[in-house]
Amino acid sequence: MPTVIGFEGSANKLGIGIVRDGVVLSNPRHTYITPPGHGFMPRETAKHHQAHAIEILKKCMEEAGLKPDDIDCVCYTKGPGMAAPLISTAVVARTIAQLWDVPIIGVNHCIGHIEMGRLVTGSHNPTVLYVSGGNTQVIAYSQHRYRIFGETIDIAVGNCLDRFARILKLSNDPSPGYNIEQMAKKGKVYIELPYTVKGMDVSFSGILSYIENVAHKKLTAGECTPEDLCFSLQETLFAMLVEITERAMAHCNSNEVLIVGGVGCNERLQQMMRDMAVERGAVVCATDERYCIDNGAMIAQAGWEMYHSGYRTPLEETWCTQRYRTDEVEITWRK
């Protein structure tokens, strides 16, 4: 069976993972963490990836106990993502593929999340909720494509949470979303926020603007706590996501939900989804931070499927793109 190495660097996490026949052999990563109140800029993030690429690659190979001769294919994230980090990671992958004289495959980041989720949870044909810092989509497989049933029409849910964390000056270690989740567990008062579901799509930018104003007014006046605001934001955003996921399940006559992407680690989101699924006689499949958060193994797993089905990326086509829709990829490995 082929052994595939995957390089992921579409945002602030650099991950390199190795997969062989559905087994993750190694999956180290390194996260670029900025000071509280700050996001990560493309140029600085790319420099972080460049600085740590060789270190993570060595760690990956050592953990797997492999040599370059054992690798059959190199895969990298083609997009979507931030241009500078994507390019810096692709350059490393392209160089390694030529040095080791093996084929290279460009992988869609979203497909990587889905295939990793399917592998880890064993879900067969789920309705997928993909929630991360850069993407929010409800997806289902049909006729060799992952079809997008609904999505955000402005910012992603993870971006909404991250930007609110900046308003509260929360730490970015290990991630702003995780720190909001911990604060939300202590929240006691629900503050009503806009609830913006438009058919199968959602909108988060108005909610962010609204809660920013609430934070400036009510926190200063002592009318609520930061924990209350985190609790209220999570409950509202996640209720919206559960609603559109349930609607997609009804369309597809589905009895499985798979949650993928960095926000998918959130235990409150998983619980709300389970509450909905139980009422429908369905099950929820989710993973922990090892595989929800961006990682190299997910790119390796999707690349393994592509490699096994005969796909290769010509070297002259190993470019990156910030815009790469989930439904642009032909799924040649599923029936």
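Here, a residue is called buried if its relative accessible area is under 20%. Keep that in mind for the close-ups below, all taken from a predicted model.

**View 1. Two tyrosines, Tyr141 and Tyr146, pair up in a buried spot.** Both Tyr141 and Tyr146 are buried. A pair of aromatic rings is described by how far apart the centres lie and by the angle between the planes. The centres of the Tyr141 and Tyr146 rings are 5.7 Å apart and the planes meet at 65 degrees, so this pair is edge-to-face. In total, the count comes to two aromatic pairs.

**View 2. Tyr190 and Phe231 make up an aromatic pair that links distant parts of the chain.** This one is edge-to-face, with 6.4 Å from centre to centre and 90 degrees between the planes. Tyr190 sits in the loop between helix H5 (176–184) and strand S10 (197–198), while Phe231 belongs to helix H7 (residues 226–252). That puts the partners 41 residues apart.

**View 3. Lys78 lies over the faces of two rings, Trp319 and Tyr324.** For Trp319, Lys78 is 3.9 Å from the ring centre. For Tyr324, the distance to the ring centre is 5.8 Å.

**View 4. Here is the largest nonpolar core, with 46 residues.** Phe164, Phe204, Leu233, Leu237, Leu269 and Met273 have the most contacts inside this core. Elements that give two or more residues to it include strand S7 (127–131), helix H4 (157–167) and helix H8 (267–280). Which element gives the most? That's H7, with 11 residues. Zoom in on Leu237 and, leaving aside neighbours within four places in sequence, you'll find it in contact with Val157, Cys160, Leu161, Phe204 and Ile207. There is also a second, separate core of 32 residues, which includes Val4, Val107, Ile111 and Met298.

**View 5. Ser26 is buried in strand S3 (residues 23–26).** Its relative accessible area is 3%, so Ser26 counts as buried. What does the side chain of Ser26 reach? It gets to the backbone oxygen of Cys60, at 2.9 Å. Setting aside neighbours within four places in sequence, Ser26 is in contact with Ile16, Gly17, Ile18, Cys60, Glu63 and Ala64.

Methods:
Residues numbered from 1 in each chain as written. Predicted model: local features only at pLDDT ≥ 70, side-chain atom pairs only at ≥ 80, totals over all residues. Heavy atoms only, no water. Phe/Tyr/Trp six-rings, centres within 6.5 Å; stacked < 30°, edge-to-face > 60°. Buried < 20%, exposed > 50% of the residue type's maximum accessible area, 1.4 Å probe, protein only. Helix = DSSP H or I, 4+ residues; strand = E, 2+ residues; numbered from the N terminus. Lys NZ or Arg CZ within 6 Å of the ring centre and 35° of its normal. Core = buried A, V, L, I, M, F, W, Y, C linked by side-chain atoms within 4.5 Å. Contact = heavy atoms within 4.5 Å. Polar contact = N/O pair within 3.5 Å; in protein donor to acceptor, adjacent residues only side chain to side chain.
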